[in-house]
Amino acid sequence: NLQGELRRELELASFQLQTLQVRDPDLAARSIAIRLGYPVTLLSLGGEVIGASSDLPFQVRGLSVSRESQDFRTALAGDVGFEERRGPGEVEIRLFASAPASLGGQDLILQVAAPLDGVRRAIRGRVWPTLGVAAVLLVLAVVLAEFLSRSLARPLHAISRRATGLSAGNFSRRIPTGISVREVRDLAGALNRTTEELEDRYQSLEAERDEMQALIDCMGEGVLALSGDGRVLRANQAAVDLLDFPPSIAMAPVGTLVRQPGLRTLLEGAPSNPFSAQEVALGDRNLIVSARSTGTGGTVVTFVDVTELRRLEAVRRDFVANASHELKTPLTAMRGFAETLLEDDLPEGLRS
């Protein structure tokens with residue numbers, strides 16, 4: 001406040017100094033000091049005292065002040081500068097304020113020295129009351145912070161725990177909505193609604209998955225789903241029975257599950273090279289194997305057991321062969337008799 005007041009008064013004093021009819025620096029300094037109420041010193045641009053309003057030790061005519069002082073350097077730069085220091089030969093600390101000015105066409109520095117004892121006494125007189133008020137405010141702030149932390153931290157911890165459980169697939173718990181902070185209460189309600197929606201969608205997906213698995217398990221043909229790197233994603237019961245897989249095959253490399261070399265080679269290459277129907281002998285079974293890409297890097301392999309069909313084909317071939325063999329001899333005799341009957345004359349052996 002004192003610096004602001006001195007800045008305004010120095011700017012006004014600099015203007016008044018230009019309008020004074022007095023050319024004597026001492027008279028001009030005293031005239032300005034009467035208006036300001038502070039000791040006034042006129043300095044040359046070299047720092048020498050050329051006029052003063054009193055005979056204080058730092059106002060001795062011809063005395064040179066330090067050109068390195070903050071206020072003097074700022075005044076030389078064209079602005080109002082301030083510095084707290086003791087003047088030469090003084091014990092009291094003053095606030096020196098300097099500003100550029102001119103007297104009778106001569107550029108100089110207008111300096112005011114305001115005593116700080118009164119200001120410091122006023123500050124010291126307000127320290128303890130201020131500290132007391134600050135202590136009371138600090139206690140109130142701690143109490144308020146504790147209250148806010150309890151009212152905010154507890155529901156936020158509950159929300160954090162619920163979100164962690166939600167990420168683990170636990171949809172059963174809900175966050176209590178009786179929260180005093182409206183924003184946190186709205187957040188808890190939104191998370192509860194999100195949990196309900198996720199639970200509904202998760203249950204719907206589980207139902208669809210179970211229906212799909214039941215449908216695949218009911219198929220007579222074996223179905224095997226492979227990942228892009230040849231691992232088993234899913235297999236229906238028919239495929240497990242046909243290929244004699246162990247109970248747990250999820251994400252197992254298909255090459256470690258199939259013992260028949262030809263079939264193992266086909267299945268290991270299926271993700272990169274899908275193939276159409278190929279017949280493979282697996283022990284005493286005959287399987288038609290087909291592999292088709294899913295378009296997402298995986299492959300679906302189907303197995304059709306044609307063992308019974310091949311057995312019936314073999315039975316048919318044997319029946320036809322046996323029947324043709326058994327019928328060939330009588331049919332040959334009957335053909336000969338028929339040819340004989342078709343001739344006009346009897347053979348020589350039959351005429352007698």
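Trainee: Is Leu224 buried or exposed?

Mentor: Buried. Leu224 has 0% relative accessibility, and the cut-off for buried is under 20%. Keep in mind that this is a predicted model.

Trainee: Where does Leu224 sit?

Mentor: In strand E6, which covers residues 222-226.

Trainee: And what does Leu224 touch, not counting residues up to four places away in sequence?

Mentor: Quite a list. Val232, Arg234, Ala235, Leu243, Phe245, Val254 and Leu267 are among them. The list also includes Thr299, Val300, Val301 and Phe303.

Trainee: How far is Leu224 from Ser272?

Mentor: Their C-alpha atoms are separated by 16 Å. Along the chain, Leu224 and Ser272 are 48 residues apart.

Trainee: Let's zoom out. How many helices and strands does the protein chain have?

Mentor: The chain comes to 9 helices and 10 strands.

Trainee: Why is the chain called more spread out than a compact globule?

Mentor: Because its radius of gyration is 56 Å, well over the 20 Å that the globule rule gives for 352 residues.

Trainee: What does the C-alpha trace span along its principal axes?

Mentor: About 190 × 50 × 35 Å.

Trainee: What share of the residues is buried?

Mentor: Of the 352 residues, 32% count as buried.

Trainee: What about contacts, what share comes from residues 24 or more positions apart?

Mentor: They make up 40% of the chain's contacts with a separation of 6 or more.

Trainee: Over to the helices. At what angle do H1 and H2 pack?

Mentor: About 140°. Their axes are 11 Å apart. H1 is residues 2-19 and H2 is residues 25-36.

Trainee: Which residues make that contact?

Mentor: H1 supplies Glu9, Ala13, Gln16 and Leu17. From H2 come Ala28, Ile32, Arg35 and Leu36.

Trainee: How does the contact of H1 with H2 split by class?

Mentor: There are 5 nonpolar, 1 polar and 2 charged residues.

Trainee: And which hand is the crossing of H1 and H2?

Mentor: Right-handed.

Trainee: How far is Leu10 from Glu183?

Mentor: 54 Å, C-alpha to C-alpha. The two are 173 residues apart in sequence.

Trainee: Now helix H5. Is Asn192 buried or exposed?

Mentor: Buried. Asn192 has 8% relative accessibility. Its helix, H5, runs over residues 182-218. Beyond its neighbours within four places in sequence, Asn192 is in contact with Arg174, Ile175 and Thr177.

Trainee: And Cys218, buried or exposed?

Mentor: Exposed, at 67% relative accessibility. Cys218 also lies in H5.

Trainee: Where is Asp244?

Mentor: In the loop between helix H6 (237-243) and helix H7 (261-269).

Trainee: What about the phi of Met251?

Mentor: Also a positive value, about 60°, and Met251 is not a glycine either. Met251 is in the loop between H6 and H7. With a relative accessible area of 44%, Met251 is partly exposed.

Trainee: Last one, Gln260. Where is it?

Mentor: In the loop between H6 and H7. Gln260 is partly exposed, with a relative accessible area of 23%.

Trainee: Which residues is Gln260 in contact with, leaving aside neighbours within four places in sequence?

Mentor: Val280, Ala281 and Leu282. Gln260 and Leu282 are 6.8 Å apart, C-alpha to C-alpha, and 22 residues apart in sequence.

Terms used: Residues are numbered from 1 along each chain as its sequence is written. This is a predicted model: local features need pLDDT of at least 70, side-chain atom pairs count only at pLDDT 80 or more; totals for chains, interfaces and linings use all residues. Side-chain values use heavy atoms; hydrogens and water are left out. Helices (H or I, at least four residues) and strands (E, at least two) are DSSP runs, numbered from the N terminus. Buried means under 20% relative accessible area, exposed over 50%, partly exposed in between (1.4 Å probe, protein chains only). Axes are lines fitted to C-alpha atoms, for helices over the stretch in contact, and angles run from 0 to 180 degrees between N-to-C directions. A crossing is left-handed if the near helix is turned anticlockwise from the far one by less than a right angle, and right-handed if clockwise. Contact means heavy atoms within 4.5 Å. Ala, Val, Leu, Ile, Met, Phe, Trp, Tyr, Cys and Pro count as nonpolar, Asp, Glu, Lys and Arg as charged, and the others, Gly among them, as polar. The radius of gyration is taken over C-alpha atoms; the globule rule is 2.2 Å times the number of residues to the power 0.38.
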